[in-house]
Amino acid sequence: MEPENRKLIFEKEGVYLHTNAKRSNHDTTIPGFIRIVERDGEPALEWSPVQDDGKNAPAVFYTKKDGEGGEEETKFDPGYEPDWAVISTVKQSREKERPPVRDTGHWGSFSLPLSELYSLRRARFSLGRNFMVLTSRGGDPLPPLHFHRGGTRELLRAMQRYIRLAPSPVDGRLFLAYPHDSGALSQSFDELQLFDDASSDLVSRFIQDPYATTFGGFSKVTNFFRGALRPPESPLHSRTPSDPHAPHPADDEPGFELITCQGAELGPRPVVNRGQPLDNWEQFLDPEGRITDPQKVKELVFRGGIIPALRKEVWKFLLGFYPWNSTAKEREDIIRVKTDEYFRMKVQWKSVSEEQEMRNSLLRGYRSLIERDVNRTDRQNPFFSGNENPGLKLLHDVLMTYCMYNFDLGYVQGMSDLLAPLLFVTQNEVESFWCLTGFMELVHQNFEESQEAMKQQLLQLSLLLRALDPELCDYLDSQDSGSLCFCFRWLLIWYKREFSFEDILSLWEVLWTRLPCANFHLLMACAILESQRGELIGSNHDFNTILKHINELTMKLDLQTVLREAEGIYLQLARCKELPVKVHEVLGLYVASSSDEGSPDLEPKETDTLLSTTEVRGAAACPPSNSSHTASHRPPPTYP
């Protein structure tokens with residue numbers, strides 16, 4: 001046997017292994033060395049106790065590679081394109097690997113190849129100390145390590161020679177490990193500045209293309225979210241007055257504050273009835289074609305949707321293509337002007353030669369993404385099915401033209417899902433394009449690279465759910481699912497993959513009314529999660545099975561039931577004045593004190609009089625709050 005080629009890259013003494021993070025004594029803390037060692041060219045992170053003078057071989061953690069006896073097992077079948085599936089593909093070893101704990105029950109030396117490092121977390125346990133916790137790709141539990149004499153910065157710099165670390169967008173103390181050749185990452189170690197007080201926002205731009213990478217292959221990032229869920233317990237590093245530009249510690253960051261709802265009695269949830277769809281458009285038109293009562297139209301649409309024959313016309317008002325106060329003659333002029341404008345933009349990309357496009361990587365990239373997505377968008381619908389379908393050509397052309405309209409955003413995966421129903425209903429290239437621009441005005445922030453809008457919506461959803469069902473939230477937290485990352489796709493494309501195509505037509509027109517509040521889609525998510533409460537808690541799911549269960553809800557939800565429950569939740573929360581102000585802000589019910597009356601963002605909205613004639617049974621308000629808060633809450637809608 002040839003001797004092993006061993007090269008020491010890094011070594012640090014005084015790194016204690018803690019076998020019990022809740023107690024600290026001689027029996028639970030083991031002093032030792034941390035090293036990075038190359039063995040036959042493969043780098044590994046090794047720890048050994050001081051007493052171990054090399055007599056004992058370290059336990060090695062690794063997962064089976066293809067062709068080494070491992071079996072790839074997909075946890076479940078999502079039922080649709082795997083690119084959008086929240087799945088975890090893992091390697092199941094046929095042979096049980098060497099356990100990390102010795103037969104004596106005490107930890108000895110261990111070695112973790114850096115290629116097998118999954119994540120690194122700086123965690124604070126009950127001792128009040130900061131620990132570094134490593135997780136292998138095989139899921140082996142590694143005990144916390146504490147650098148009693150410092151050295152974390154030097155260790156991470158040495159690790160950076162072999163791997164890259166990407167920060168979690170939710171937990172500033174968690175970092176995911178990737179090989180240097182991974183196309184998912186763009187930052188160097190200096191850009192990440194993990195332990196530099198001058199670091200910029202740790203949660204932004206963690207990958208080059210978050211939607212092509214994250215949602216172009218959600219199965220690849222299930223584990224990314226897994227460790228990023230629990231709310232931070234301590235900051236990654238503190239800011240000083242001399243460093244005002246450093247990021248907020250996670251505990252101080254706006255939106256991460258702990259919201260408690262203890263003592264808030266919500267009262268019974270009102271029982272809500274849905275109405276009939278809007279079926280008489282002419283009654284709302286004056287002799288010149290103006291809409292006489294836009295608010296009434298929105299209320300009817302929210303209550304029951306629109307019959308298919310009227311959708312093409314009404315959608316253009318809901319999406320801002322036509323102003324509500326426009327006359328029939330003015331709308332004819334709008335069509336003419338917008339048609340000219342559309343084709344001018346279309347000519348821009350149509351006239352680009354192949355030679356020019358070869359020198360325009362951005363346009364070339366947009367075209368490639370669009371062609372790929374168009375070929376798999378709603379192909380089960382007759383309007384888009386089959387080869388050489390003209391509907392696919394229209395879908396492609398409208399999306400390419402949108403890139404000319406909004407070149408900064410361009411095309412991001414998911415936008416084809418938004419366009420397909422618009423094109424199906426309007427059956428018109430120009431009208432579908434301008435309806436898409438109106439839709440994107442509502443959701444464009446969902447597709448921005450920073451992901452701040454999606455992060456904010458998940459935080460708002462968490463606030464609402466905790467106000468409604470603290471026990472469910474606590475359970476999800478206990479299973480590393482408290483960030484509600486499995487709701488990401490719901491919010492990104494407004495449930496497009498969760499309901500049937502026909503249901504989506506009904507749902508989107510309801511959401512476009514922005515009634516009873518702009519965040520009604522978050523209330524829908526609460527309604528869905530509450531409907532699954534018994535299954536989630538009663539079956540004692542863990543993180544993976546929660547993801548599996550949520551994905552299996554696709555095409556199994558009843559839209560009208562979800563809408564009724566979501567509206568009931570809104571009314572239940574709106575009537576309770578004891579809830580935190582932030583919850584009322586999410587519901588659009590918060591109004592400032594008299595000193596802020598001039599703020600346009602705090603003016604009363606049309607939701608105040610929403611559905612004043614709706615039949616609601618069992619409505620009950622909370623007891624009045626004794627709080628002397630300087631702000632007031634907008635009263636909820638009244639019902640007979």
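**Reading the model, feature by feature**

Analyst: A search of the whole structure finds 24 aromatic pairs. In the pair formed by Trp508 and Trp512, the ring centres are 6.3 Å apart and the planes meet at 45°, so this pair is tilted. The model is predicted: local features need pLDDT of at least 70 and side-chain atom pairs count only at pLDDT 80 or more, whereas totals for chains, interfaces and linings use all residues. Residues are numbered from 1 along each chain as its sequence is written, and side-chain values use heavy atoms, with hydrogens and water left out.

User: How is a pair of aromatic rings described, and which cut-offs apply?

Analyst: A pair of aromatic rings is described by the distance of the centres and the angle of the planes. Rings of Phe, Tyr and Trp (its six-membered ring) pair if their centres lie within 6.5 Å; planes under 30 degrees apart count as stacked, over 60 as edge-to-face and the rest as tilted. Ring pairs also link Tyr342, Phe343, Tyr402, Tyr405, Phe433 and Trp434 into a cluster.

User: Where do Trp508 and Trp512 stand relative to each other in helix α16?

Analyst: An α-helix has 3.6 residues a turn, so residues three or four places apart point the same way. Trp508 and Trp512 are four residues apart in helix α16 (residues 501-512), which means that about one helical turn separates them. Helices (H or I, at least four residues) and strands (E, at least two) are DSSP runs, numbered from the N terminus.

User: Are Trp508 and Trp512 buried or exposed?

Analyst: Buried means under 20% relative accessible area, exposed over 50%, and partly exposed in between (1.4 Å probe, protein chains only). Trp508 is buried, with a relative accessible area of 0%, and Trp512 is buried at 3%. In the chain as a whole, buried residues make up 53% of the 640 residues.

User: How does one judge the length and the cover of a helix such as α17?

Analyst: The expected span of a helix is 1.5 Å times one less than its number of residues. Helix α17 (residues 520-531) has 12 residues and reaches 17 Å from its first C-alpha to its last, close to the expected 16 Å. Because 11 of its 12 residues are buried, α17 is largely enclosed by the rest of the structure. Among these buried residues are Phe520, His521, Met524 and Glu530.

User: What covers the buried residues of α5?

Analyst: Contact means heavy atoms within 4.5 Å. In helix α5 (residues 294-304), the buried residues include Lys298, Glu299, Phe302 and Arg303. Their cover includes β13 (271-272), α6 (308-318), α16, α17 and α20. After α5 comes Gly305, whose phi is positive, near 80°.

User: Which side chain makes a polar contact with that of Arg303?

Analyst: A polar contact is a pair of N or O atoms within 3.5 Å; within protein, one must be able to donate a hydrogen and the other to accept it, and residues adjacent in sequence count only if both atoms are side-chain atoms. The side chain of Glu567 makes such a contact with that of Arg303, at 2.9 Å. Glu567 lies in helix α20 (residues 559-574) and counts as buried at 1% relative accessibility.

User: Which residues lie on each face of β7?

Analyst: In a regular strand the side chains alternate between the two faces of the sheet. In β7 (residues 110-113), Phe110 and Leu112 are on one side, Ser111 and Pro113 are on the other, and all are buried.
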